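Please find below a colleague's note on this model.

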Amino acid sequence: MPACFLPASMASQVQRMLPSSSSSPRPLPVINLARLGKDPATRTLAIQDIARACREQGCFQVVNHGVSKSAMAGAFEAASEFFQLSPEHKELFASTDIGRPVRYDTSSRDGISKARSFLKHYANPLEDWVEYWPLHPPSYRKKMGEYAVEIQRLSMQLMDAILQGLGLRPLYMQEKLEKGMQFMALNSYPQFSSHRGDKVGLAAHSDYGFLTILLQRSPGLEVMPHDRDTWTAVPAIPGALHVHIGDHLEVLSNGRLKSLVHRAILNPDEARISIASIHGLSKDEKVCCAEELVDEVNPAMYRESSFQDFLDFLPSNINNYKRFVESLKIDRA
């Protein structure tokens with residue numbers, strides 16, 4: 001399948017699409033990942049750009065990322081068709097058990113959902129999880145599976161670049177990352193209405209894993225970049241994917257990188273679907289500060305934890321939202 005490719009001649013068009021204001025003079029970064037496959041000097045510069053975006057803003061968008069247009073379109077089609085199913089089909093997956101491999105819900109059981117319905121499921125390795133996925137719509141497993149595999153491959157490429165940007169060796173933790181968790185969240189938000197009142201569909205939070213890769217077609221995602229204290233809309237650039245830092249990458253980096261606080265607001269023009277893919281280690285694998293980033297001057301700042309620890313944390317956090325990473329900080333006062 002052909003990879004999504006954004007010609008260099010479109011760069012100025014992309015920049016014009018990015019939000020700007022007096023309080024946020026710098027646009028959110030857009031990084032051309034094709035540079036990672038070029039000569040060593042070009043690759044080094046691309047890694048430096050990714051490292052800077054992670055460190056200074058906590059997020060960036062990627063173009064020329066190798067995920068095919070057909071896979072992205074198929075994922076949107078599968079998600080849209082699922083949310084259009086009759087209630088009896090969707091509620092086959094309804095559960096209050098947050099540990100289930102596939103779960104559908106329409107209400108707030110996590111302390112942050114405001115106005116959304118969602119389908120969440122595991123995806124890596126695909127052969128371990130796809131049998132639990134919905135059978136309806138009939139093409140769901142094929143279309144979402146193709147997208148999940150391509151996004152998992154992209155996550156490996158991004159993690160390698162990010163970890164090298166931290167000064168860690170190439171292919172650091174590669175085997176654990178290849179076997180790690182891929183947690184997909186398909187979100188359906190209604191169109192904003194003045195009768196609804198609250199415009200927030202998903203309250204401010206950060207994600208548990210190393211990276212989140214988000215596919216969106218219309219605006220609604222807002223981020224709080226590290227270099228400013230205002231909400232910033234993430235533009236829906238055709239063919240681009242949004243990437244942001246999660247809690248466990250903050251831990252692994254020993255605080256050199258910070259997880260990104262973000263939220264979803266309701267779009268006033270249309271209902272909206274987004275597909276988030278969250279990447280981390282396997283369910284019981286502990287994440288700790290990388291020993292290469294810990295010394296007498298920079299002692300470990302976080303306790304180790306796993307995805308299972310995050311799941312155990314959630315029930316106590318409902319309606320009293322606290323970021324998971326805050327619970328991991330070591331008090332060295």
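1. In this predicted model, strand β2 (residues 59–63) and strand β10 (residues 241–245) run antiparallel and are joined by 4 bridges. Within this pair, V62 stands opposite L241 of β10. Helix α2 (residues 40–56) packs on the sheet here, in contact with β1, β2 and β10; the direction of α2 makes about 145 degrees with that of β2.

2. The sheet as a whole is open and mixed, with 8 strands in the order β1-β2-β10-β7-β12-β5-β4-β3. Its edges are formed by β1 (30–32) and β3 (102–105), each of which pairs on one side only. From one strand to the next, the twist averages 20 degrees.

3. Helix α3 (residues 69–83) lies across β3, β4, β5, β7, β10 and β12, and runs at about 115 degrees to β12. The 15 residues of α3 reach 21 Å from first to last C-alpha, close to the expected 21 Å. Its buried residues include A71, M72, A75, F76, F82 and F83.

4. The largest nonpolar core has 77 residues, of which M144, Y147, L241 and L249 touch the most other members. Helix α6 (residues 140–165) supplies the largest share of this core, 12 residues. A second, separate core of 9 residues includes L221, V234, L260 and A276.

5. Which residues does Y147 contact, leaving aside neighbours within four places in sequence? They are V67, A71, M72, A75, M184, L215, L241 and I275. Among these, A71, M72 and A75 are buried residues of α3, and L241 is the residue opposite V62.

Key:
Residues numbered from 1 in each chain as written. Predicted model: local features only at pLDDT ≥ 70, side-chain atom pairs only at ≥ 80, totals over all residues. Heavy atoms only, no water. Helix = DSSP H or I, 4+ residues; strand = E, 2+ residues; numbered from the N terminus. Expected span 1.5 Å × (residues − 1). Buried < 20%, exposed > 50% of the residue type's maximum accessible area, 1.4 Å probe, protein only. Pairing = 2+ DSSP bridges. Axes fitted to C-alpha atoms, helices over the stretch in contact; angles between N-to-C directions. Contact = heavy atoms within 4.5 Å. Core = buried A, V, L, I, M, F, W, Y, C linked by side-chain atoms within 4.5 Å.
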